[in-house]
Amino acid sequence: MNYINARCMMCGKNYQLEEDNKDYKKMSDKEKPGTYICDFCSNRVRYESDDKRKSPRPQSN
Ligand SMILES: [Zn+2]
């Protein structure tokens with residue numbers, strides 16, 4: 001199976017994305033390579049944004 005090296009833009013770790021990875025196609029685009037965020041970091045981001053939604057910071061005027 002083909003794979004491509006991708007570096008997570010959040011934690012900086014290198015990952016090998018196999019051909020069937022959902023991000024493989026955008027990362028293998030030589031003209032305009034996409035940004036990669038690993039599963040661990042994307043889960044963390046999702047968790048943090050959920051947390052913000054539940055307890056919004058009060059607005060001060
Ligand atoms: Zn990461």
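In which strand is Leu 17 found? Leu 17 is in strand β2, the element where confidence in this predicted model is highest, at a mean of 95. The model places a zinc ion among four cysteines, Cys 8, Cys 11, Cys 38 and Cys 41. It also has a largest nonpolar core of nine residues, Leu 17 among them.

**Confidence**

- The model is predicted, and the mean pLDDT of the protein chain is 87.
- Of the residues in the chain, 95% reach a pLDDT of 70 or more.
- Confidence is lowest in α2, where the mean is 84.

**Zinc site**

- The donor atoms are the SG atoms of Cys 8, Cys 11, Cys 38 and Cys 41, at 2.3 to 2.4 Å from the zinc ion.
- The arrangement is tetrahedral because the four donor atoms subtend angles of 103 to 120° around the zinc ion.
- Cys 11 and Cys 38 link distant parts of the chain, being 27 residues apart. Cys 11 lies in the loop between β1 (3-7) and β2 (14-18), while Cys 38 lies in the loop between α1 (24-27) and α2 (39-54).
- Accessibility has been computed for three of these cysteines as follows: Cys 11 is partly exposed, at 36% relative accessibility; Cys 38 is buried, at 1%; and Cys 41 is buried, at 1%.
- Leaving aside neighbours within four places in sequence, Cys 38 is in contact with Cys 8, Cys 11 and Tyr 15.
- A search of the whole structure for disulfides finds zero.

**Nonpolar core**

- The largest nonpolar core consists of Ile 4, Ala 6, Cys 8, Leu 17, Tyr 24, Met 27, Tyr 36, Cys 38 and Cys 41. β1 and α1 are the elements that give two or more residues to this core.
- In soluble globular proteins, nonpolar side chains tend to be buried together.
- The zinc donors Cys 8, Cys 38 and Cys 41 are also members of this core.

**Leu 17**

- Leu 17 is buried, with a relative accessibility of 2%.
- Beyond its neighbours within four places in sequence, Leu 17 is in contact with Asn 2, Tyr 3, Ile 4, Ala 6, Asp 23, Tyr 24, Met 27 and Tyr 36.
- Pro 33 is 16 residues from Leu 17 along the chain, and their C-alpha atoms are separated by 14 Å.

**Tyr 24**

- Tyr 24 sits in helix α1 and is buried, with a relative accessible area of 16%. This value counts as buried because the cut-off is under 20%.
- Leaving aside neighbours within four places in sequence, the contacts of Tyr 24 are Asn 2, Tyr 3, Ile 4, Leu 17, Glu 18 and Glu 19.
- The C-alpha atoms of Tyr 24 and Ser 42 are separated by 16 Å, with the two residues 18 apart along the chain.

**Tyr 36**

- Tyr 36 belongs to the loop between α1 and α2 and is buried, at 6% relative accessibility.
- Leaving aside neighbours within four places in sequence, Tyr 36 is in contact with Ala 6, Arg 7, Cys 8, Met 9, Tyr 15, Leu 17, Asp 23 and Met 27. One of these contacts, Cys 8, is a donor to the zinc ion.
- Tyr 36 and Arg 46 are 10 residues apart along the chain, and a separation of 15 Å lies between their C-alpha atoms.

Technical notes: Residues are numbered from 1 along each chain as its sequence is written. This is a predicted model: local features need pLDDT of at least 70, side-chain atom pairs count only at pLDDT 80 or more; totals for chains, interfaces and linings use all residues. Side-chain values use heavy atoms; hydrogens and water are left out. Donors are N, O and S atoms within 2.8 Å of the metal (3.2 Å for Na, K and Ca); water is not among the atoms, so sites may look incomplete. Four donors count as tetrahedral if all angles lie between 85 and 135 degrees; four count as square planar and six as octahedral if opposite donors are over 155 degrees apart and all others between 65 and 115; anything else is irregular. Helices (H or I, at least four residues) and strands (E, at least two) are DSSP runs, numbered from the N terminus. Buried means under 20% relative accessible area, exposed over 50%, partly exposed in between (1.4 Å probe, protein chains only). Contact means heavy atoms within 4.5 Å. A nonpolar core is a set of buried Ala, Val, Leu, Ile, Met, Phe, Trp, Tyr and Cys residues joined through side-chain atoms within 4.5 Å. pLDDT is the predictor's confidence in each residue, from 0 to 100. A disulfide is a pair of cysteine sulfur atoms within 2.5 Å.
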